[in-house]
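Hi,

Here is the structure I promised to pass on. Have a look at it first, and then read my notes below.

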Amino acid sequence: MKIFKPALLIIATAITLFSCSTVPLTGRRQLSLVGDAEVNQSAAASYSQLLSDPKTKVINNGTDAQRVKRIGSNLAAAIESYLKANGYGDQYSFNWEFNLIQSSEVNAWCMPGGKVAVYSGLLPVANTDAYLAVVMGHEIGHAIARHSAERISQEMLVQGGGALVGAATADKSQATQSAIGTLYGVGTQLKLLSYSRAQESEADRLGLTFMAMAGYDPHNAIAFWQRMAAQNKGGAQPEFLSTHPADATRIANIQNLIPEAMKYYKK
């Protein structure tokens with residue numbers, strides 16, 4: 001079997017070199033072995049299943065629900081305008097949805113393709129429009145940066161041997177659907193993809209810029225994360241923060257990123 005290792009290494013290297021995409025704004029090159037269409041389709045199916053589950057309580061009426069949709073729409077419009085102006089318009093086909101879900105969890109997330117959910121437990125902490133834009137901008141940043149597809153691609157690459165060759169050459173729709181289902185889960189037991197710390201920092205950078213584009217002052221991110229840090233004292237972090245940088249590290253990084261984001265700020 002050793003005779004085949006050089007060939008597999010060459011295949012893996014070729015896949016890495018020629019299956020790459022670029023993250024908007026940051027310019028980072030990333031591995032991309034799966035297409036957006038199949039990832040977005042699988043994510044949309046999981047999102048729809050979650051919302052239709054009888055145990056999921058979607059809040060459709062009231063000030064809070066309207067607030068989530070309004071801020072989400074503002075962010076989406078600003079992001080789409082930026083992508084189009086910078087030559088990324090043809091690469092993104094998002095069918096945005098913004099929903100408020102009744103839950104005590106301090107949580108929010110965005111699936112590939114722009115499927116966003118905010119849990120009502122987050123609202124007491126994100127009690128201003130700007131604070132909520134910080135969180136929603138960050139989560140949308142993951143989707144714009146294709147972090148889910150990147151993680152799936154990385155897993156495909158490390159499978160090795162025939163699985164690696166198959167992942168590179170075969171129809172991957174079924175494999176992608178399975179991966180999305182594993183990473184995100186469905187129904188009330190939704191388990192979100194855990195991103196790397198590097199991806200979390202990239203999402204922070206994108207989120208700050210996106211909220212600035214939408215008219216929310218990025219300086220509010222410092223106050224918001226300080227509020228989150230205060231919530232975390234004496235207890236475990238919310239699940240969606242479990243792989244994030246430490247509070248002090250995040251706040252320091254955000255302070256360094258604010259000057260860049262302010263270049264895009266429109267009151």
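**Around I140**

Leaving out neighbours within four places in sequence, I140 touches L75, I79, W96, F98, C110 and V116, where a contact means heavy atoms within 4.5 Å. I140 sits in helix 4 (residues 129-144); helices here are DSSP runs of H or I with at least four residues, strands are runs of E with at least two, and both are numbered from the N terminus. With a relative accessibility of 0%, I140 counts as buried (buried means under 20% relative accessible area, exposed over 50%, partly exposed in between, using a 1.4 Å probe and protein chains only). I140 and C110 are 30 residues apart in sequence, yet their C-alpha atoms are 5.6 Å apart in space.

Before you go further: this is a predicted model, in which local features need pLDDT of at least 70 and side-chain atom pairs count only at pLDDT 80 or more, while totals for chains, interfaces and linings use all residues. Residues are numbered from 1 along each chain as its sequence is written, and side-chain values use heavy atoms, with hydrogens and water left out.

**The chain overall**

The chain has ten helices and six strands. Of its 267 residues, 48% count as buried. Among the chain's contacts with a separation of 6 or more, 73% are between residues 24 or more positions apart.

**The sheet and what packs on it**

Four strands make an open sheet with mixed pairing, in the order 3-4-6-5; two strands pair if DSSP finds at least two bridges between them. At the edges are strand 3 (58-59) and strand 5 (108-111), each of which pairs on one side only. Strand 3 runs antiparallel to strand 4 (residues 97-101), and two bridges join them. In that pair, V58 is opposite I101 of strand 4.

Helix 2 (residues 36-52) packs on this sheet and touches strand 3, strand 4, strand 5 and strand 6 (115-119). The direction of helix 2 makes about 35° with that of strand 4; axes are lines fitted to C-alpha atoms, for helices over the stretch in contact, and angles run from 0 to 180 degrees between N-to-C directions. The buried residues of helix 2 include V39, A43, Y47 and L50, as well as E38 and N40.

In the loop between strand 5 and strand 6 you'll find P112, which is buried at 9% relative accessibility. P112 and H147 are 35 residues apart along the chain, with 8.5 Å between their C-alpha atoms.

**Helix 3**

Helix 3 lies across strand 3, strand 4 and strand 6, at about 150° to strand 4. It has 23 residues and reaches 33 Å from first to last C-alpha, close to the 33 Å expected. Among its buried residues are A65, R67, V68, I71 and G72. The buried residues of helix 3 pack against strand 3, strand 4, strand 6, helix 4 and helix 8. After helix 3 comes G87, with a positive phi near 80°.

**Two helix pairs**

How do helix 3 (residues 63-85) and helix 8 (residues 197-213) pack? Their axes are 8 Å apart at an angle of about 100°, so the two are roughly perpendicular (under 35 degrees counts as roughly parallel, over 145 as roughly antiparallel, 65 to 115 as roughly perpendicular and the rest as oblique). L75, A78, I79 and Y82 of helix 3 meet F210, M211 and M213 of helix 8. That contact has seven nonpolar, no polar and no charged residues, with Ala, Val, Leu, Ile, Met, Phe, Trp, Tyr, Cys and Pro counted as nonpolar, Asp, Glu, Lys and Arg as charged, and the others, Gly among them, as polar.

Helix 9 (residues 220-232) and helix 10 (residues 247-262) pack at about 180° with their axes 10 Å apart, and are therefore roughly antiparallel. The residues in contact include W225 and Q226 of helix 9 and D247 and R250 of helix 10. By class, the contact has seven nonpolar, three polar and two charged residues.

**A last spot: A212**

A212 is in helix 8 and is buried, at 0% relative accessible area. Beyond four places in sequence, A212 touches P218, A261, Y264, Y265 and K266. A212 and K267 are 55 residues apart in sequence and 8.3 Å apart in space, C-alpha to C-alpha.

Cheers

Methods. The expected span of a helix is 1.5 Å times one less than its number of residues.
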